[in-house]
Every structure is written in structure tokens, then in C-alpha cells.
Amino acid sequence: AAIILTMLPELLRGLNDYRMLIYAVVLIVMMIFNSSPKAIEMRSVFMDRIKKNFGFGCMRLPMSGDEVDKVQMCQMVDAFLETGFNYFDTAHGYLQGKSETALRDCLTSRYPRDRYVLTDKLTGSYFKTEADIRPFFQRQLEACGVEYFDFYLMHSQHAGNFGHFRDCRAYETAFALKAEGKVRHVGISFHDRAEVLEEILTAYPQIEVVQIQFNYADYDDPGVQSRLCYEVCRRHNKPVLVMEPVKGGHLSNLPPQAKAVLDELHGGSPASYAIRFAAGFEGILMVLSGMSTLEQMQDNIAFMRDFRPLDPQERAAVDRVQAIFHGMHLIPCTSCRYCVDGCPQHIAIPNLFALMNTKQLYHDWNADFYYEDVHTGPGRKASDCIRCGQCERICPQHLPIRQLLADVAKEFEKPQA
């Protein structure tokens, strides 16, 4: 389908009176086929190398200073594979490129290619023209130490960057890479409203999988629209990859009143309920978790080894926790850190938001210490924001970061009495 839709306009260029009509008919046929039960069954067969529905998200890894702790990383990879899991997810921007090379050193150079499924992504900031994409893709293969990617996703798609991907023929390039055997499946990761996802899936019906942010805190959130985006995927018959099931760690470190609700179940960690919530929906192919310690991994694989969805009592408890969160008006930052790399003031924005939430949740006086002595410095306080807006343009959560930094400054930079 990718080859036909890419080449057909050129092949029909001589038929000026009919070529667009023929192209439209072929496109409609492809859309119908792509949504047919047989095509869905075929995609399932092609994806059967994925052994379980829990994946290792490599945006947050064990660190030793500024470098990945590769000793612990190797232990985590070994434990993950030995338990029967095999899906790994990375992107070039994760840890400034160190995620890809850590996977090369700890996974791909140590295990045969059929032992793991590897996903990488094409990020809009790494190409300016169509000609930039293939060289960048080749560097990603080399960084990861592989000859092909099982999944290649158009990264962090939203209304603000979709035009750039479309104009640079990024999708068409990915489909061509698939035809050449360098990519097994083409998909997208997505951060925007459901109507934008509908537009993208309609424009490119060849997309095979969609990765969305999906967790119980964001399920009915009007900004993230987890449920609505999930429903768009289901209408288009696209398997769903879940990112941020624990919302950047927020759902594993609950406020006391919310934690008490889950503790009454006597059945597992707060993270376990969050991940099982996401994995329990129909059409969820994979739930990713960014694990930064061996202990976190051991906890996660313990309850995902023999997965079972939430039972009615557990789902009711999660609904109660949901209501508690909605009443606290926290900053819904997931600590992806995309905003940090381009900040001209080098403000540690996610850290400051985390401190603001900590103070709101726990009334913790230590938050003031960490603000003054750990996460800020001369020229790097919240009040030093020059309001350039670069952070807001790249934020997957579409947060009003400039206003939130003003709120942080008001809370933590009060004049001395």
C-alpha cells in the first residue's frame, strides 16, 4: 500500500484528465482494505513477535551522574528478557542520545536480533528537509547497533508539527523504508486533541499503530483527552501503544489520602494499579513504563508477568483516586524534559513544577530547600524566565509554562520578612 500510494501519482502523470480520480479510487480501496478484519488479522500476525503487553520505555534510565549506569541497565535488560518480555522503546532525544547507545551496549550487542522488539522515532527537530531524514535514520540504526527497527514512529505528532512532517514527506519516507525492509511497522506517537489524531489517521491510513498518553488521571482530562484519543484509534482499528501509564511517576507517588484508598485493597503498589488500568482496555497492544531502577522493574514485571485487568473493586478504588487528583489542581507535567534542552535560561522547569506539586500535596518545607539549593542557581530561577515561549511550543502536555513559572516564583521567591 505504501509503495502504491507513493508511486501512483507519478505513474499516472500522463493521464491528466483522470489521474487524480484514479488516485482517489485507489486511496479509498486502500482505506477500506486497511480497516477490514482480514487486514487487522494480518497486522496481528506480523506483530506476533511481541511476547507480552508490557514494554521497557527508555526515556528514564538508571543514571550515574550524567551517564547511564550501564551495569544496572544490563541487569534490568537481563531481568526483563528472562521474564519473557521483549519490547523496548527509545528515541534519539531521550537522554541527549544516550538512550539509543545504552540500548546498543546493554541489549543489541548482547542478544540475538530475534530476542527483542525495538522501537525508535523520527523527531521533527532533527530534520529540516526531506533529504535530512534518511541520513538521520541511518545514524539511529548505527547508534542502536541494529540493521532495522521493528517499529518506527513519527514522534510527538500534534497540530503544530504535523505540517512539517507532511511537507518534508516524512511519512512517505518511513513507508519507503518499510518497503526496503529497514522498518517493520510505521506508526506515530501522539500528543494533541482527538480531532487532530482523526485528521492524521485519515490523511495516512497506512499508519499501523498509535502511541498515546493513557492513564487514569488523564482519562477524561480535557487537555490530554486520553479517552477520546483512544476512541479515535479504535474507530480506525489501530492497535494502541500506551505511554505515561504512571504519568511520569505521579501515580506511583500518591498523596496520602489517595494512597490510603489503594492500600485498602492489599493487592499491590500504586504503580501496579495504574499500569493494569491502562493495559486492561481492548485494543491495547503495549503499555510502556519508564523504569530507572532494578527495583522498579522487578515490581512491574512481578504483576505484569501474568497480567490480569482490574476487577470491579479495584476499578472503583481507582475511580476514587481519580476524583481526589481532580480536586487538587496539580501541574500535570510528566517530566519528559523536552522543555529543558531549548530553554535559553537553562531553567529546570520539570523539577520546579515537581517541587510546586510536592508543596501542594505534602506541604513539605523541604521543597523550599530543594528550590533554593538544588534545582535553581543564578539566572535559573522561575522568575528568570524571559517568556520566549519556546518551552510551550514543544511541550507535549500543552502547558501554559510561562504562567506556571510565574506561579512557582510567587510561591518560592517570597520576599524575606
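**Exercise 1.** Leaving aside its neighbours within four places in sequence, which residues is Asn53 in contact with?

*Solution.* A word on the model: it is predicted, with local features needing pLDDT of at least 70, side-chain atom pairs counting only at pLDDT 80 or more, and totals for chains, interfaces and linings using all residues. Residues are numbered from 1 along each chain as its sequence is written, and side-chain values use heavy atoms, with hydrogens and water left out.

- Start in the loop between α3 (37-46) and β1 (54-57), where Asn53 is found; helices (H or I, at least four residues) and strands (E, at least two) are DSSP runs, numbered from the N terminus.
- Contact means heavy atoms within 4.5 Å. Asn53 touches Ala279, Leu285, Met286, Val287, Met304 and Phe307 in this way.
- Ile284 lies 231 residues from Asn53 in sequence, yet their C-alpha atoms are 7.9 Å apart.
- Asn53 counts as buried because its relative accessible area is 18% (buried: under 20%, exposed: over 50%, partly exposed in between; 1.4 Å probe, protein chains only).

**Exercise 2.** Find how many disulfides the structure holds, then look at Cys336.

*Solution.*

- A disulfide is a pair of cysteine sulfur atoms within 2.5 Å. The structure holds 0 of them.
- For Cys336, the nearest cysteine sulfur belongs to Cys339 and is 6.2 Å away, and Cys336 is in no disulfide.
- Is Cys336 buried or exposed? Its relative accessibility is 18%, so Cys336 counts as buried.
- Cys168 also counts as buried, because its relative accessibility is 7%.
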